[in-house]
Amino acid sequence: MPRPSRFIIDLAHLEHNLTQLSRLAGPRKTMAVVKANAYGHGALGCAKALENQINAFAVALTEEAIALREAGITKPILVLQGPHSSDDLTEIARYGLWPALSNRQQIHWLQHQTPNLEHVWLKVDTGMHRLGFDPQEVGEINAVLTAMGIQRITLMSHLADAEDSDSTLNHRQKQRWQNLLERNTGASDGYPNASFSNSAGTVGQLSFEESWVRLGYSLYGGSLVAPPPTLDLRPVMTFSSRIMATRWIEAGETVGYGGRWVAKRRSRIATIPVGYGDGYPRSAADGTPIGTPYGTILLAGKVSMDMITADVTDKPDIEFGTEVTLWGDSPRIDEVATHCDTIGYELCTRITDRTPRLFNR
Ligand SMILES: Cc1ncc(COP(=O)(O)O)c(C=O)c1O
């Protein structure tokens with residue numbers, strides 16, 4: 001019998017989340033962001049589950065898109081980083097991908113190769129200052145691409161402060177976006193060829209003018225912003241295991257590496273066979289919640305590579321074999337992440353292949 005630790009990926013929840021988010025998106029088209037192996041959930045399984053319901057996919061890298069194409073995904077795929085070299089651009093054209101262009105070097109490769117590209121996205125820097133053309137350059141770049149015969153150009157930008165829906169940075173970006181659209185876009189169906197919203201923009205209903213929303217984390221059931229009460233997002237990933245040992249220790253004894261957790265009373269400690277070697281973060285603080293059928297128990301002691309320990313003194317029903325949820329329905333991944341001084345995006349993206357990923361419908 002192998003170790004009972006696993007990631008269960010509920011594709012019905014994924015489809016449900018897309019239905020919920022599509023309602024919020026209204027007339028805007030939906031793009032499913034499946035980069036980094038669909039945030040750890042398994043890109044191909046997720047893409048197949050979403051393909052009939054989604055308008056397009058997005059990945060960061062050409063190689064991620066090629067893997068999906070070669071596995072039979074035929075829907076459009078946007079490559080968010082665009083080509084990293086002239087050869088990369090050749091591959092983008094060969095596989096019929098949509099590149100996001102964000103610098104003049106990429107435009108230079110395009111001018112020299114004149115590849116046959118159906119749809120190009122132009123990334124504009126409205127305040128993130130990471131990638132993208134300055135808003136003042138967009139008119140000129142648009143003209144260059146149009147002169148090359150590229151018919152469909154969609155402007156895109158990205159929110160820098162998604163976690164705070166009221167942030168002044170968001171307001172500034174929105175104002176720049178508005179100005180940009182007034183100067184540069186043609187309307188399609190009354191909406192500009194444009195895309196700003198990620199999950200937080202969509203869930204937080206920040207109302208950008210756009211024809212596409214790009215949905216990543218929310219599709220998988222997480223959210224950095226408070227969702228509207230009518231939005232029901234369900235966790236797609238459940239990280240579960242079973243208790244492998246319990247023991248009593250005396251007051252004053254410590255648990256785990258470095259003796260970080262000190263028993264204030266005679267305590268019962270449960271050991272669970274997951275650790276940072278599986279993607280359970282080593283940064284998890286004492287008190288990080290873990291779900292059981294008998295209620296929440298709390299992490300006690302530093303996370304090891306293969307094991308964690310929890311205080312089960314007040315849970316006499318917990319014994320060898322009791323099922324535990326590291327994240328899933330309860331606790332949610334966002335809650336666990338706050339105890340690890342990170343965001344749920346990092347937790348699900350950093351799970352490792354040692355632990356089986358089981359697809360469930
Ligand atoms: C350019 C771009 N658009 C959209 C997304 C999706 O963001 P989220 O997962 O917050 O929906 C990302 C993710 O990092 C991104 O880089």
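Contact, in these notes, means heavy atoms within 4.5 Å. I am working from a predicted model, where local features need pLDDT of at least 70, side-chain atom pairs count only at pLDDT 80 or more, and totals for chains, interfaces and linings use all residues. Residues are numbered from 1 along each chain as its sequence is written, and side-chain values use heavy atoms, with hydrogens and water left out.

**Entry 1: Lys 35**

I began with the record. The unreviewed UniProt entry puts "modified residue: N6-(pyridoxal phosphate)lysine" on Lys 35. I keep in mind that UniProt positions are given in the numbering used here, that feature names are shortened, and that annotations may be inferred rather than shown by experiment.

Next I looked up where Lys 35 sits, and found it in helix H2 (residues 35-39). Helices (H or I, at least four residues) and strands (E, at least two) are DSSP runs, numbered from the N terminus.

Is Lys 35 buried, exposed or partly exposed? Its relative accessibility is 30%, so I log Lys 35 as partly exposed. My cut-offs are under 20% relative accessible area for buried, over 50% for exposed, and partly exposed in between (1.4 Å probe, protein chains only).

Setting aside residues up to four places away in sequence, I see Lys 35 touching Ala 58, Val 59, Ala 60, Glu 64 and Leu 80.

**Entry 2: the domains**

Across the interface, I find 11 residues of domain 1 in contact with 12 residues of domain 2.

**Entry 3: the largest pocket**

I searched a 1 Å grid over the protein atoms alone: a cavity is a set of points where a 1.4 Å probe fits but cannot get out, a pocket is an open set with protein on both sides within 12 Å along at least five of seven lines, and lining residues have an atom within 4 Å of a point. Grid points are joined across faces, edges and corners, and a volume is the space filled by probe spheres set on the points.

The largest pocket holds about 660 Å³ of space. It is lined by 27 residues, and those closest to its centre are Lys 35, Tyr 39, Arg 130, His 158 and Tyr 345. I was pleased to meet Lys 35 again here. Two or more lining residues come from each of H2, strand E11 (212-215) and helix H11 (344-349). Which element gives the most to this lining? H2 does, with three residues.

Sorting the lining by class, I get 16 nonpolar, six polar and five charged residues. Here Ala, Val, Leu, Ile, Met, Phe, Trp, Tyr, Cys and Pro count as nonpolar, Asp, Glu, Lys and Arg as charged, and the others, Gly among them, as polar.

**Entry 4: the cavities**

I counted three cavities of 30 Å³ or more. The largest cavity has about 110 Å³ of space. Of its 13 lining residues, Tyr 220, Gly 221, Gly 222, Pro 235 and Ile 333 are the closest to its centre. That lining divides into seven nonpolar, four polar and two charged residues. Both domains contribute to the lining of the largest cavity, so I note that it lies between them.

The second largest cavity comes to about 60 Å³. Its lining includes Arg 130 and His 158, along with Met 128 and Gln 173. By class I have three nonpolar, five polar and three charged residues there.

**Entry 5: loops and backbone**

Met 305 is in the loop between strand E18 (297-299) and strand E19 (308-311), and it is partly exposed at 44% relative accessible area. Leaving out neighbours within four places in sequence, Met 305 is in contact with Gly 275, Tyr 276, Gly 277, Asp 278 and Arg 354.

I also checked backbone angles. The peptide bond from Ser 330 to Pro 331 is cis, with omega near 0 degrees; Pro 331 is in the loop between strand E20 (323-327) and helix H10 (333-339).

His 129 has phi near 60 degrees, a positive value in a residue other than glycine. I find His 129 in the loop between strand E6 (119-123) and helix H7 (138-147), exposed at 59%.

Asp 341, also not a glycine, has a positive phi near 55 degrees. This residue is in the loop between H10 and H11, and I log Asp 341 as exposed, with a relative accessible area of 76%.

Key:
Domains from an automatic or database assignment.
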